[in-house]
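The sequence and the model come first.

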Amino acid sequence: MEKHQNNKRQLIIKVIYYCSRIKRDAEMLIKWILFAFLTGYVVGGISSLFSYTLTKVTTFREENWWIFFFLPVAGIIIVFLYQKIGKDDGGVNQVFSTVRSKDDVPLRSAPLIFVSTALTHLVGGSAGREGAAIQLGGSIGNQLGRWLKLDEEDSHVIVMCGMSAAFSALFGTPMAAAIFAMEVVSVGVMYYTALMPCVISAIVATKFAAGLGIHPEVFHVNNIPELYIESGLKMGIIAVICAGASTALCIALKQTGVFFHKRLKNRYIRVICASLVIILITMLLHTEDYMGAGIGAITNAIEHGEAHYSAFFWKIILTSLTMRAGFKGGEIVPSFFVGATLGCTLGQILGLSPSLCAAAGMVAVFCGVTNCPITSVVIAFELFGFEGASYYLIAVCISYAVSGYYSLYKDQTIVYSKYKAKYVNKHTK
């Protein structure tokens with residue numbers, strides 16, 4: 001009888017224990033669904049406005065070419081804003097540091113990066129938009145965490161939700177946006193705790209943006225051949241060269257910054273001199289392809305298999321000058337430009353579909369500069385479809401291995417080695 005009562009008590013204890021666990025898990029699920037929806041709507045709405053603004057200023061610039069000559073003026077305004085309001089602004093790196101509890105993204109970063117990126121695109125600075133989006137989303141997510149009085153761990157998750165939502169709203173790639181936020185901060189470690197919230201916020205932001213008429217870029221890749229040893233080897237060669245280009249882009253950005261800080265310490269003189277050089281190079285090249293993000297050239301390379309053989313080189317030069325002079329935006333879309341135009345040119349030389357090589361080159365260079373192979377593969381699938389999947393996988397995995405420990409982001413950490421199954425925990429170059 002006593003044994004039966006003990007068994008009954010143990011059963012009751014177990015039932016209570018499991019019920020409490022189910023209750024706790026259900027509360028966490030409901031909490032993060034609500035927080036993810038909130039973040040997706042708030043960040044998605046602001047990012048949609050951001051995307052709309054960039055589209056409008058780009059259209060204005062294309063219809064009024066003379067605005068390009070106001071590049072030095074816009075540069076002075078941006079430097080002034082950051083000198084007076086954003087002295088402690090650390091850009092995208094500050095968002096990464098926030099996720100690792102080493103910094104805090106101030107709310108004023110959001111309007112600052114919004115205005116300064118719009119100015120950069122208005123006057124034709126060679127810059128992207130995703131760096132601004134990540135900072136915008138991270139700043140808003142961080143502020144939402146404060147208002148909701150989240151603890152430190154939950155605050156990290158909602159910052160990543162903000163990053164995912166902003167990236168997704170601008171590019172329309174919710175899968176890649178969710179994975180990018182979890183993968184980019186610490187290479188070799190995925191923040192799986194943030195998986196469900198990041199996915200929900202990214203999907204919500206994408207749908208919100210689509211509802212406002214902001215649709216993702218989708219590229220049609222032509223002439224995809226069957227994968228044989230010869231075509232696979234050619235794609236491997238392209239991947240190695242694109243990995244070299246990704247390293248060159250990272251080095252060019254870093255060394256341009258070092259040169260400016262040593263030789264042109266006054267920020268106003270720096271941005272004026274760099275602007276004049278950018279204007280001179282652009283006028284000598286007789287093209288507007290390098291102004292702004294350069295989506296037109298990317299589309300031409302992927303969908304039509306056409307690109308100038310030196311386009312990738314000039315994009316590296318002009319992006320380095322623009323971003324290190326003091327203008328704002330991002331380097332990821334320029335990396336797309338570099339990869340697409342270089343891949344297209346290599347495809348023409350090697351006799352492999354230039355359209356396919358442009359698409360593969362784009363994600364290969366993206367992988368090399370961000371060290372995010374899973375995100376790179378998913379971006380390829382979302383932007384290009386699955387028909388050329390084998391080629392995209394070859395391009396990404398080889399680029400990841402060959403590109404070394406270089407990165408666009410100095411606060412990105414390589415937690416596990418790319419070459420051996422060992423813990424290294426080192427900052428990128």
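## Packing of helix 11 and helix 13

Helix 11 (295–304) and helix 13 (residues 332–350) pack with their axes 9 Å apart, at an angle of about 30°. Helix 11 is therefore roughly parallel to helix 13 (angles under 35 degrees count as such). The crossing of the two helices is left-handed, that is, the near helix is turned anticlockwise from the far one by less than a right angle. Axes are lines fitted to C-alpha atoms over the stretch in contact, and angles run from 0 to 180 degrees between N-to-C directions. Helices are DSSP runs of H or I with at least four residues, numbered from the N terminus.

On the helix 11 side, I295, A297, I298, A301 and I302 meet V333, F336, F337, A340, T341 and C344 of helix 13 (contact means heavy atoms within 4.5 Å). By class, this contact has 10 nonpolar residues, 1 polar and no charged. Ala, Val, Leu, Ile, Met, Phe, Trp, Tyr, Cys and Pro count as nonpolar, Asp, Glu, Lys and Arg as charged, and the others, Gly among them, as polar.

## Basis of the model

This is a predicted model, in which local features need pLDDT of at least 70 and side-chain atom pairs pLDDT 80 or more, while totals for chains, interfaces and linings use all residues. Residues are numbered from 1 along each chain as its sequence is written, and side-chain values use heavy atoms, without hydrogens or water.

## Lining of the second largest pocket

The second largest pocket has 25 lining residues, and T55, T58, R129, E217 and I295 lie nearest its centre. Helix 1 (2–63) and helix 11 are the elements that give two or more residues to this lining; helix 1 gives the most, with 8 residues. The lining divides into 9 nonpolar, 10 polar and 6 charged residues.

A pocket is an open set of points on a 1 Å grid over the protein atoms alone, where a 1.4 Å probe fits, with protein on both sides within 12 Å along at least five of seven lines; lining residues have an atom within 4 Å of a point.

Key
Parallel < 35°, antiparallel > 145°, perpendicular 65-115°, else oblique.
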